[in-house]
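Open the structure in your viewer and keep the selection tool ready. We will go stop by stop.

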Amino acid sequence: MPRIVFLGPPGAGKGTQAVGAARELGVPHLSTGDLLRAAVQDGSALGREAEAHMRAGHLVPDDLVVRMVAERIGRADCDGGYLLDGFPRTLAQAEILEGIAPTDRVVSFEIPEALLKDRLTGRRQCPKCRTVYNVSTKPPKVSGICDLDGEALAQRSDDRAEAVRTRLEVYRTETEPLLALYKRRGILVPLDAVGSPEEVTGRIRRLLAEMPTHRRR
Ligand code: AMP
């Protein structure tokens with residue numbers, strides 16, 4: 001069963017696409033951003049340590065994130081594979097992940113940086129049903145209100161302009177070098193991430209259909 005990583009800059013659509021792709025593959029979707037936001041919400045020790053880093057748009061220290069991911073991957077529901085979204089984000093994380101379990105394929109979301117800023121700063125989410133909107137490209141029928149359940153939409157604290165600038169910078173310096181690493185290992189699969197969510201979903205479906213579901217070492 002597949003062990004897949006979705007890699008790409010913030011705002012590239014990884015999270016949105018990962019939900020459907022994981023369902024199609026029949027594996028759990030592990031989003032480190034979601035796991036960390038849940039920890040912050042719970043007020044756990046991990047959440048308290050992570051919160052300030054996240055709000056500023058910086059990475060949470062490797063040791064914290066790695067421990068969280070190792071614990072999650074160790075659970076029985078990941079025995080048949082998983083789809084990682086937002087991890088690894090540093091070379092150190094990538095090396096540790098390989099030590100835990102070798103990755104089969106890394107799907108690289110390719111999109112010009114110019115498109116990302118507006119996607120991120122315009123993003124709004126329903127806190128109840130988690131539906132994601134965008135004030136310019138996918139606005140709700142009534143400004144600021146979820147179409148589905150009437151909840152007031154919220155903006156992630158790290159989607160404000162200042163934190164977005166930092167996140168894009170951090171992506172360039174810390175995460176982009178992973179592309180060369182995975183390319184060298186022969187497991188990088190480029191994905192054109194420009195277009196509507198439906199168009200990108202179609203491309204991912206075609207990529208997934210061509211992927212090996214088993215791997216022998
Ligand atoms: P995301 O939802 O993937 O954009 O992640 C939101 C924030 O969570 C990031 O800006 C980081 O502060 C933190 N985060 C998520 N994944 C990682 C990771 N693999 N390493 C370090 N920090 C992370």
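**Stop 1: a salt bridge**

Select Arg156 and Asp158. Their side chains form a salt bridge, with 2.9 Å between the closest N and O atoms. Bear in mind that this is a predicted model.

Now look at how each partner sits. Arg156 is partly exposed, at 22% relative accessibility. Asp158 is buried, at 10%. The cut-off for buried is under 20% relative accessible area, so Asp158 falls below the limit.

**Stop 2**

Are Arg167 and Asp158 buried or exposed? Both are buried.

**Stop 2**

The structure holds 14 salt bridges.

**Stop 3: the ligand**

Show the ligand together with the side chain of Arg156. An N or O atom of that side chain is 3.2 Å from an oxygen atom of the ligand.

Which residues are closest around the ligand? They are Thr32, Arg37, His58, Gly86 and Gln93, out of 16 residues that surround the ligand.

Pick Gln93 from that list. One of its polar side-chain atoms lies 2.9 Å from a nitrogen atom of the ligand. A polar backbone atom of Val60 is 3.0 Å from a nitrogen atom of the ligand.

**Stop 4: helix H7**

Select residues 161-175, which make up helix H7. Colour Glu162 and Arg165 inside the helix. Their side chains meet in a salt bridge, 2.8 Å from N to O. Why does the sequence spacing matter to the picture? Glu162 and Arg165 are three residues apart in helix H7, so about one helical turn separates them.

Glu162 is exposed, with a relative accessible area of 53%. Arg165 is partly exposed, at 47% relative accessibility.

Thr175 is buried, at 3% relative accessibility. What does Thr175 touch, leaving aside neighbours within four places in sequence? Its contacts are Leu7, Pro88, Arg89 and Val170.

**Stop 5: two rings**

Select Phe6 and Phe109. The structure has one aromatic pair. Phe6 and Phe109 form it, with the ring centres 5.1 Å apart and 55° between the planes. The pair is tilted.

Phe6 lies in strand E1 (residues 3-7) and Phe109 in strand E4 (residues 105-110), so the pair ties together parts that are 103 residues apart in sequence.

Switch to a surface view. Phe6 is buried, with a relative accessible area of 1%. Phe109 is buried as well, at 3% relative accessibility.

**Stop 6: a charge over a ring**

Last, select Lys138 and Tyr133. Lys138 lies over the face of the Tyr133 ring, at 5.4 Å from the ring centre.

Conventions. Residues are numbered from 1 along each chain as its sequence is written. This is a predicted model: local features need pLDDT of at least 70, side-chain atom pairs count only at pLDDT 80 or more; totals for chains, interfaces and linings use all residues. Side-chain values use heavy atoms; hydrogens and water are left out. Rings of Phe, Tyr and Trp (its six-membered ring) pair if their centres lie within 6.5 Å; planes under 30 degrees apart count as stacked, over 60 as edge-to-face and the rest as tilted. Helices (H or I, at least four residues) and strands (E, at least two) are DSSP runs, numbered from the N terminus. Buried means under 20% relative accessible area, exposed over 50%, partly exposed in between (1.4 Å probe, protein chains only). A charge sits over a ring if NZ of Lys or CZ of Arg is within 6 Å of the ring centre and within 35 degrees of the ring normal. A salt bridge is a side-chain nitrogen of Lys or Arg within 4 Å of a carboxyl oxygen of Asp or Glu. Contact means heavy atoms within 4.5 Å. A residue is near a molecule or strand if one of its heavy atoms lies within 4 Å of it. A polar contact is a pair of N or O atoms within 3.5 Å; within protein, one must be able to donate a hydrogen and the other to accept it, and residues adjacent in sequence count only if both atoms are side-chain atoms.
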